[in-house]
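The structure comes before the description.

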Amino acid sequence: MDGMNGFPQGNMQKVASGVGNHFKDKLKQVVKRLIKEVLKKLAKLLFQLLLKLIAKAIAALVALFGIPVLICIVVIIVVGGALVYVRWIGGDDAATIQRFTAAYNAAIVKTSALEEYRPPLIVVQMIDNMRIIKLGLDPEDIDPSSVANALKPDLVYQNFVNTQTIVNNYTDSEGNSRSNTSTNRTTVSLLVEAHAWNRDEVFTYSQNTKTESYPSTYITTTTWVRNALSCSNTNTGYSPAPSLTGIGTKTHPFFKQYGPIAQEESRKSGVPASVTLAQAVEEGGWGTSELASKYFNFFGIKKHNWTGNTVSMWTNEVINGITQRVLAEFRAYPNAIAGFADHTKFLLDNSRYAAALSMNNPYEFANEIHRAGYATNPNYSTNLKNLMHDYNLLQYDKDGGKNPETGLPWEDVGYIPGSSTVVLANCGIPNFNKFDAVLMKYNLNTDDVELVSAGIQENDPTRLMLYGYNGNYGISVGGPLVGSEDGSYVDMPPVLPGQMIWPTTATIITSNFGMRVNPTNGVLKQHKGMDIAPANSDTREFPNIAAMDGIVILAGDASDGYGYKVVIDHGGGLETLYAHMKAGSLKVSKGQQVKAGTVLGTMGQTGDVTGRHLHFEVHYNGNPVNPAAYVTRNVG
């Protein structure tokens, strides 16, 4: 029919304009009755269709439901993320679009003075559009204020005091040298916490001191400066795979002199002497820096809340990726013993180093103090571990550098920035409580949320709005990794070039690589992989898939606690392991060559487990390494 001219070319605007007024009026009535049902029936199907199959699907749906083709087109546009109200009220004119968009933008602007924490336009629109459909309202009944207010950020501020001290030197009338000092204090309110619709951010600040010298005047300005956050999820510039093997043979008199002090501190506190000595070298320049040689501050510890003696010195800091020269106030000690003791106390008193203090492996300890922000140098943990290895500093540790469980030397563990949690590229830890609350407020079910999610993702150029979703709707929101259409393959590329693909269509990380208390026996030991699972409420079955091309070298139950598992050899010393699969679900066999994306089996809970999940391991040259160095969750 003539009214459908333009459909084969995807020109929806031409289609709409070509339909007669009588048909449009009739269409409005039909849509009001059917749109909700059609959306629900089509949502899951349309998410799995490739573009080349859409035309075929439309024909099939028309035959099935006996509805006008234009309604099917409307559904596809909705799934693609276009504005629902623009397409099914016949209001294609620019004035309608502008009026509605202005109303949404006005509501969003009111949520916060800080633009970066406001809910995005597409998020507010998609939720409101689905509310209209669920309640059977007129398309014009938009309510942007209610949705936007439910997603507005909670911002926490704290007062800090900046100071400027001016010292004027002069000679009085009697020829005596005099000086007067004046100090100006300015209170500033700085953001310390931000709880946005999809993330939480916490900010810390440090004092930055700058001194300007003039012939008779000294001006010292101290301001509070926000510390840089680790906002990258690409690990660019890092070498996450372990590279240290064997035992180093280098020696240096520095360790003979200060080794006993580090060992005594380790005996009292548990802080590995090897890490302490490496930090002393890295921070104190083998004891030759002025801060170390004169003031016995081998560890670059700044004043903070210190009430003892201090000294001001210039130092290099990496701020927002740029090395800058800053003047800072450091602690000063009477001797080396006092300096080493305060370093121990500094680590014990700061809760951010709790993760490091829980590590038995000195290499992991070094990773964790880096991750906690001890230093701004992006290569800090690598430098420490190189020193620990090359000079065999682990010999100073209480276990002599050997893992008590194996009797073998401790193995290097690659450093991954923020690997213990998901860190958004725009900074922050995922928290979708606000998002979930508004979805539940409007009684949206998983099908509804799946549609809302698809619209957001399609219109999100950053592909990060829903990244790291950890809320109540599981894969309906956090599931940009589509399922398998035929049960044998999942079609998706790696998130980052050169990486493996995510090994399942579930997305929730329930346990990371590293030391933990085993949930089945309560024993503290190393968790050699990453556990991934769906939401507890999601009872669907999820395929486990090959993360990379390779050859299956094991498939079955080896009675080793892993349950039904598959091991794939990828060459170059790299292997992956997929454990706890459902009995009878394995789809591959030993010797079979598989491609990345091949379905290996179904996620299950066989072996020593407490619940359904995929236990995913990566081995390099026979040693387990952190999978976070090799895979990244898909974001769209």
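Glutamate 193 stands opposite valine 202 in β3. Strand β2 and strand β3 (residues 199–202) are antiparallel and share three bridges; strands count as paired if DSSP finds at least two bridges between them. Helices (H or I, at least four residues) and strands (E, at least two) are DSSP runs, numbered from the N terminus.

The hairpin of β1 and β2 has five residues between the strands, and glycine 175 in its turn has a positive phi of about 85 degrees.

## Basis of the values

The model is predicted: local features need pLDDT of at least 70, side-chain atom pairs count only at pLDDT 80 or more, and totals for chains, interfaces and linings use all residues. Residues are numbered from 1 along each chain as its sequence is written, and side-chain values use heavy atoms, with hydrogens and water left out.

## Strand β19 and its partners

Six of the seven residues of strand β19 (residues 614–620) are buried, where buried means under 20% relative accessible area, exposed over 50% and partly exposed in between (1.4 Å probe, protein chains only). Strand β16 (residues 574–581) pairs with β19 in the antiparallel sense over six bridges, and leucine 574 stands opposite tyrosine 620 in β19. Strand β12 (residues 530–533) runs antiparallel to β19, with three bridges; methionine 530 is opposite phenylalanine 616 in β19.

Strand β20 (residues 623–625) is antiparallel to β19 and joined to it by three bridges. Histidine 619 has proline 624 in β20 as its bridge partner. Two residues lie between the strands of this hairpin, in which asparagine 621 takes a positive phi near 55 degrees.

## Helix α7

Helix α7 (residues 121–135) is largely enclosed by the rest of the structure, because 13 of its 15 residues are buried. Glycine 136 follows α7 and has a positive phi, near 65 degrees.

## Aromatic pairs

The whole structure contains 23 aromatic pairs. Phenylalanine 346 and tyrosine 353 have ring centres 6.0 Å apart and planes at 50 degrees, so the pair is tilted. Rings of Phe, Tyr and Trp (its six-membered ring) pair if their centres lie within 6.5 Å; planes under 30 degrees apart count as stacked, over 60 as edge-to-face and the rest as tilted. Phenylalanine 346 counts as buried at 9% relative accessibility, and tyrosine 353 counts as buried at 1%.
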